[in-house]
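Please look over the sequence and the 3D view, then read the points below.

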Amino acid sequence: MKRGHYKPFWVLDNGDVEIIDQRLLPFEEKTVILKSADDAIHAIKDMAVRGAGVIGNIAAFGVYLALRECESKASFLDKAAQIRASRPTAVNLMWAVDRMLKVIDETSYELANALDEAILISDEDVKRSLAIGNFGADIIESIMKEKNLSSINVLTHCNAGWLAIVDSGTALAPFYEAHNRGIDIHVWVDETRPRNQGANLTAWELGRAGVKHTIIPDNTGGHLMQHDLVDMVITGADRVTRNGDAANKIGTYLKALAANDNKIPFYIALPESTFDFETVDGVTNIEIEERSADEVHIMRGTLPDGTISELRVTPPKSHALNIGFDVTPARLITGLITERGVVKADQEAIETMYKDLL
Ligand code: RUB
């Protein structure tokens with residue numbers, strides 16, 4: 001795996017892993033080199049890398065780095081457990097660590113095999129995201145045909161592009177594919193407070209790809225839907241339960257409610273690694289990350305002279321609450337766009353499509 005145009009990380013010749021530091025985008029394009037498992041844990045926790053797929057990828061490379069540096073099996077397993085616990089909601093993280101541990105065990109703790117497996121996981125994501133893009137773009141075309149549209153307005157929340165899963169994302173993959181097919185597509189980009197993944201990352205990605213987009217404050221979607229300015233919503237997911245409930249960035253649920261009220265198709269795009277087949281009833285059973293209140297109090301941006309700065313936007317003594325994700329119940333989801341095709345957000349349909357994995 002070489003440095004690529006659509007990869008937020010790549011492996012160096014000495015086995016270290018270089019990442020694009022997503023905390024600095026869109027203001028600065030800088031990279032950081034991960035030399036140890038602790039570097040990988042820190043990058044995941046502090047969100048230098050983020051997005052369910054890429055968290056899984058860096059977790060896998062983190063397990064490889066742990067194997068490279070640990071002197072005993074016990075210390076290696078302890079480090080792998082720390083990687084597995086570095087963020088709680090995106091199941092891709094646990095999935096990737098478990099897969100790495102299985103392969104490492106089966107191949108007698110050979111370092112080269114561990115690196116190959118981590119690379120394989122991300123190479124598989126490339127194929128999955130391509131397939132999701134194709135299935136999603138087919139839906140976009142069919143909505144346009146059904147409504148007799150010459151252009152289409154879609155809405156997304158957070159960032160589920162190539163910064164979140166290689167090579168073109170989950171939710172953004174259909175938009176990129178539609179753009180490639182010559183479809184006149186315009187994307188409403190929710191800013192996604194408090195960390196602004198939409199305003200900072202999705203807008204940056206779409207701008208580089210030449211896809212038309214407009215950043216909107218998080219509460220604007222409902223109004224746009226009432227005025228027929230949204231034809232479809234697609235978001236990614238951090239965990240989808242066996243019955244089709246989807247955890248995604250906080251605020252996704254409100255978009256699904258508004259879409260449902262306005263009879264607008266609401267899709268979740270996800271690869272196989274985002275399913276949690278062990279869990280049903282996501283609202284009750286998915287662990288939701290709570291992050292530092294400082295992410296609500298303090299915003300980053302550029303001053304008029306171009307200097308990057310942080311700015312407190314709340315009264316000094318006010319408390320803030322920063323819940324990272326919410327769960328959209330299956331009943332509000334029109335369909336799940338997967339690498340195997342589009343499946344109903346329904347336990348029986350999911351079990352039928354994924355019976356080989358259950
Ligand atoms: C990211 C987020 C994304 C999903 C999509 O949250 O909610 O929508 O992770 O993931 P955060 P993917 O920025 O807090 O990690 O596209 O990888 O399936």
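The buried residues of α6 are L172, A173, P174, F175, Y176, E177 and A178, where buried means under 20% relative accessible area with a 1.4 Å probe, protein chains only. Helices (H or I, at least four residues) and strands (E, at least two) are DSSP runs, numbered from the N terminus. The model is predicted: local features need pLDDT of at least 70 and side-chain atom pairs count only at pLDDT 80 or more, while totals for chains, interfaces and linings use all residues. Residues are numbered from 1 along each chain as its sequence is written, and side-chain values use heavy atoms, with hydrogens and water left out.

- Helix α6 covers residues 172-180, and seven of its nine residues are buried, so the helix is largely enclosed by the rest of the structure.
- Its buried residues pack against α5, β4, β5, α7 and β7, with contact meaning heavy atoms within 4.5 Å.

**Overall build**

- Twelve helices and 16 strands make up the secondary structure of the protein chain.
- The radius of gyration is 20 Å, close to the 21 Å that the globule rule gives for 358 residues, so the chain is as compact as a globular protein of that length. This radius is taken over C-alpha atoms, and the globule rule is 2.2 Å times the number of residues to the power 0.38.
- The C-alpha trace spans about 60 × 55 × 40 Å along its principal axes.
- Of the 358 residues, 56% are buried.
- Among contacts with a separation of 6 or more, 74% are between residues 24 or more positions apart.

**The sheet**

- An open sheet of seven strands has the order β6-β5-β4-β7-β10-β15-β16, with mixed pairing; two strands pair if DSSP finds at least two bridges between them.
- The edges are β6 (212-216) and β16 (341-343), each with a single partner strand, so one side of each is left without a neighbour in the sheet.
- From one strand to the next, the twist averages 25°; angles run from 0 to 180 degrees between N-to-C directions, along axes fitted as lines to C-alpha atoms, for helices over the stretch in contact.
- Strand β15 (residues 335-338) runs antiparallel to β16 and is joined to it by three bridges.

- Helix α7 (residues 197-209) lies across β4 (152-156), β5 (185-190) and β6, at about 160° to β5.
- Helix α9 (residues 252-261) lies across β4, β5, β7 (232-235) and β10 (266-269), at about 145° to β10.

**A residue in β7**

- T235 is found in strand β7, and it counts as buried because its relative accessibility is 0%.
- Beyond its neighbours within four places in sequence, T235 is in contact with residues including T156, H157, A171, N248 and T252.

**Nonpolar cores**

- The largest nonpolar core has 43 residues; such a core is a set of buried Ala, Val, Leu, Ile, Met, Phe, Trp, Tyr and Cys residues joined through side-chain atoms within 4.5 Å.
- Elements giving two or more residues to this core include β1 (9-11), β2 (17-20) and α1 (37-45), and α2 gives the most, with twelve residues.
- A second, separate core of 31 residues includes I20, V154, A171 and V189.

Technical notes: Buried means under 20% relative accessible area, exposed over 50%, partly exposed in between (1.4 Å probe, protein chains only).
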